Amino acid sequence: MNRAFFILKFKTMKQHYEQYTEEDFLVWNTLFNRQVENLQEKSCNEYLYCLSQLKEVMNADSIPDFNLLNAQLKLATGWTIEVVPGLIPVDEFFALLEKKKFSASTWLRNMEQLDYLEEPDMFHDIFGHIPLFMDQSYANFAQKMGALGVKHASNEEVLLQLQRIYWFTIEFGLIEQNGIKLYGAGILSSFGESNGIYTNKPQIIPFDLLAIIATDFCNSEIQTKYFSIPSFEVLYRSIEQYAKQIAVKA
Ligand SMILES: [Fe+2]
């Protein structure tokens, strides 16, 4: 498909709420209830707090309506959801982050695939990612990543480093809060991985941005290595520091 057409097409996409089926509602309800219960002692405080802030518009009773979610998000931190067909080109992804837009799909896995996903669905994108965009430090960090991605769009090395940072923080990050807690959306939205962190004894490394940018990742297998941050403030300061370092090199 012509790439320009592809981008044009997803920019006009929206959630068609009336098209969700009974099974979709059942899938959302099942996943939401199971994971909220599972995360009570595992997720970071900020995630649970943000989720509770969103309880009128994100709960087990119905699939979230993006218009209602956007109104709440916008009020809190200025972020909104951008509907996309699935995985999108990295330059477009960073451009959206810079504009305080998080890209999300609208489709849901089916009841036979509760724990299996080839591509992220809206349970991952919305339940896993969206609540923490209510947290200012986390939201600032994500926006800064987007801004750096746009600024250095022609620098392959920086783009690779940013993808590694994104992977080991927003997607699979851990945080120290009276023990190891979860904040990465890939873990928060996965029943198996959110339990595996505590039972599979993966390698958990204290947060180190220089180590992250030198660490390759594999997106087709369960993670064996995670990085644990002390706080979202430290996370944000680290990306500011990184921005200064690459500005000197550029
Ligand atoms: Fe994700």
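This is a predicted model: local features need pLDDT of at least 70, side-chain atom pairs count only at pLDDT 80 or more; totals for chains, interfaces and linings use all residues.

The chat below takes those topics in turn.

A: Happy to. Where shall we start?

Q: Are H124 and H129 buried or exposed?

A: Both H124 and H129 are buried.

Q: OK, pockets next. How much space lies in the largest pocket?

A: About 1300 Å³. The lining of the largest pocket is made up of 42 residues.

Q: Which residues lie nearest its centre?

A: Those are P120, H124, W167, E171 and N219.

Q: Nice. Which elements give two or more residues to that lining?

A: For the largest pocket, they are α2, α5 (90–98), β2, α6, α8 and α10 (191–199). Helix α8 has the largest share, with 4 residues.

Q: What about the classes of residue in the lining of the largest pocket?

A: There are 19 nonpolar, 14 polar and 9 charged residues in the lining of the largest pocket.

Q: And how much space lies in the second largest pocket?

A: About 160 Å³. Its lining consists of M13, K14, Q15, Y17, D65, F66, N67, N70, I81 and V83.

Q: Which elements give two or more residues there?

A: In the second largest pocket, that goes for α4 (66–76) and β1. The largest share, 3 residues, comes from α4. By class, the lining of the second largest pocket has 5 nonpolar, 3 polar and 2 charged residues.

Q: Switching topic: how many salt bridges does a search of the whole structure find?

A: It finds 4 salt bridges. One of them joins the side chains of D115 and R34, at 2.6 Å from N to O.

Q: What does the pair of D115 and R34 tie together?

A: D115 sits in the loop between β2 (101–104) and α6 (122–129), while R34 belongs to helix α2 (residues 22–39), so the pair ties together parts that are 81 residues apart in sequence. D115 is exposed, at 56% relative accessible area, and R34 is partly exposed, at 24%.

Q: Tell me about K101 and E82. Where do they lie?

A: K101 is in strand β2 and E82 in strand β1 (residues 80–83), so this pair ties together parts that are 19 residues apart in sequence. Their side chains meet in a salt bridge, at 3.9 Å from N to O. K101 is partly exposed, with a relative accessible area of 26%, whereas E82 is buried, with 14%.

Q: And D216, what does it form a salt bridge with?

A: With R164; the closest N and O atoms are 3.7 Å apart. The pair links distant parts of the chain, 52 residues apart: D216 is in the loop between α11 (209–213) and β6 (225–229), and R164 is in helix α8 (residues 156–171).

Q: Is D216 buried or exposed? And R164, buried or exposed?

A: D216 counts as exposed, at 58% relative accessibility, while R164 counts as buried, at 12%.

Notes:
Residues are numbered from 1 along each chain as its sequence is written. Side-chain values use heavy atoms; hydrogens and water are left out. Buried means under 20% relative accessible area, exposed over 50%, partly exposed in between (1.4 Å probe, protein chains only). On a 1 Å grid over the protein atoms alone, a cavity is a set of points where a 1.4 Å probe fits but cannot get out, and a pocket is an open set with protein on both sides within 12 Å along at least five of seven lines; lining residues have an atom within 4 Å of a point. Grid points are joined across faces, edges and corners, and a volume is the space filled by probe spheres set on the points. Ala, Val, Leu, Ile, Met, Phe, Trp, Tyr, Cys and Pro count as nonpolar, Asp, Glu, Lys and Arg as charged, and the others, Gly among them, as polar.
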